[in-house]
Amino acid sequence: MSSDFLALALPYVQGLSPYVPGKPIDELARELAIDPADIVKLASNENPLGPSAKVCTAVVEALTELTRYPDGSGFALKQKLAERYAVEPTQVTLGNGSNDVLELVARAWLAPGRNAVFSEHAFAVYPIATLAAGAECRQVPAKNYGHDLEAMAAAIDSNTRVVFIANPNNPTGTWFNQAALNAFLAKVPDNVLVVLDEAYIEYAADSDLPDGMAYLSRYPNLLVSRTFSKAYGLAALRVGYAVSSAAIADVLNRVRQPFNVNSLALVAACAALDDAEYLERSRTLNSQGMQQLEEGFKRLGLSWIPSRGNFIAVDFQRDAAAINQALLAQGVIVRPVAGYGMPTFLRISIGTAEENQRFLDALTLVLQQV
Ligand SMILES: *Cc1c(COP(=O)(O)O)cnc(C)c1O
């Protein structure tokens, strides 16, 4: 007789549902019995440019060191990030993706009896990390799909230890401006950690989005998390980081794995920071692709949520599951967001011009069928 290990798990772990990732290309290729090269995946906010050539060179050179443990302190990368943001290296925490940073926060400050505040339709990792720590999720209703920062500040109570805010947010693409962030931070008690998730901030340069780094000197309870997975095109390697007060970084360092970021990721991230041209190409391709999709949606009479990310949520005003299925049958993978409380929407990651066109052509066809 085998034991019921689910029943033996911590009560709050039993209640967790695993994160649902975008469908892998190879999986759909097997199901449809077609060549993976004929599939378009616009489902996981990945960079359609492919990796930077400079990054690839650096990674290949680092392969000779695979037998060695990585630099657990991430010295070179922290140094580079500290210079870029004019902070001390002691204020930087590296993560196995910025997802790791979010989990380190939960592990250090959340537990049964405590709560984390975040918005409805916010990034799925906030509830997962909160529930996995046994803490309560204070999910605040969204306003026009975006964060209602006033209501979020009001939802904070004496058991709140963390507030997660994303700017722009995934999967909605919604954002808040500097004035809204100013007003919010002024209201949050100084013993509550504010995690400002800026996974897509590089796409929002020259817009009205505030730069979280500019707030760090005034708010010792602020942590800004960023990633190399999106605009820098390194999702496979898993590397992200947080910048905060040194005191917060010290706590995170106590709970992280000693070698949480691998050597190839460290080398790649350093090379990526030096490749300004790649970042610029990412941004340009993204804004062109965003415009292409918006024009396509307009032609099809569809509405969407304006987005500052590398993705856009389109509203079919009816259950989008059948549309998603029909797109899959056309070899096009996008992201259903029913799990985010948005069953009538699909989230489309911005691809290359050709990928966007294939998606729009498939969608045009599908809307005539279903
Ligand atoms: C993609 C994403 C992340 C983290 O991605 P990593 O690959 O773990 O760095 C964090 N926050 C949001 C809102 C995201 O969409």
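Which order do the strands of the open sheet of four strands have, and is the pairing parallel or antiparallel? The order is 9-10-13-12, and the pairing is antiparallel.

## Basis of the report

This is a predicted model, in which local features need pLDDT of at least 70, side-chain atom pairs count only at pLDDT 80 or more, and totals for chains, interfaces and linings use all residues. Residues are numbered from 1 along each chain as its sequence is written, and side-chain values use heavy atoms, with hydrogens and water left out.

## Overall form

The protein contains 14 helices and 13 strands; helices (H or I, at least four residues) and strands (E, at least two) are DSSP runs, numbered from the N terminus. The C-alpha trace spans about 60 × 55 × 50 Å along its principal axes.

Of the 370 residues, 51% are buried, where buried means under 20% relative accessible area, exposed over 50%, and partly exposed in between (1.4 Å probe, protein chains only). Among contacts with a separation of 6 or more, 74% link residues 24 or more positions apart; a contact means heavy atoms within 4.5 Å.

Strands of a sheet pair through backbone hydrogen bonds, either parallel or antiparallel. Here, two strands pair if DSSP finds at least two bridges between them. In the open sheet with the order 9-10-13-12, the edge strands are strand 9 (303–305) and strand 12 (335–336), each of which pairs on one side only.

Strand 10 (residues 311–315) pairs with strand 9 in the antiparallel sense over three bridges, and a hairpin of five residues joins strand 9 to strand 10. Across this pairing, Trp304 stands opposite Val314, and Ser303 has Asp315 as its bridge partner. Strand 10 is also joined to strand 13 (residues 345–349) by five bridges, again antiparallel; there, Phe311 has Ser349 as its bridge partner.

## Burial of strand 10

Five of the five residues of strand 10 are buried, so this strand is largely enclosed by the rest of the structure. In a regular strand the side chains alternate between the two faces of the sheet. Both faces of strand 10 are covered: the buried residues are Phe311, Ala313 and Asp315 on one side, and Ile312 and Val314 on the other.

## Glu46 in its loop

Glu46 is found in the loop between strand 1 (40–41) and helix 4 (53–62). This residue is partly exposed, with a relative accessible area of 35%.

Not counting residues up to four places away in sequence, Glu46 touches Lys41, Asn310 and Ile350. Glu46 and Tyr232 are 186 residues apart in sequence, and their C-alpha atoms are 9.6 Å apart in space.
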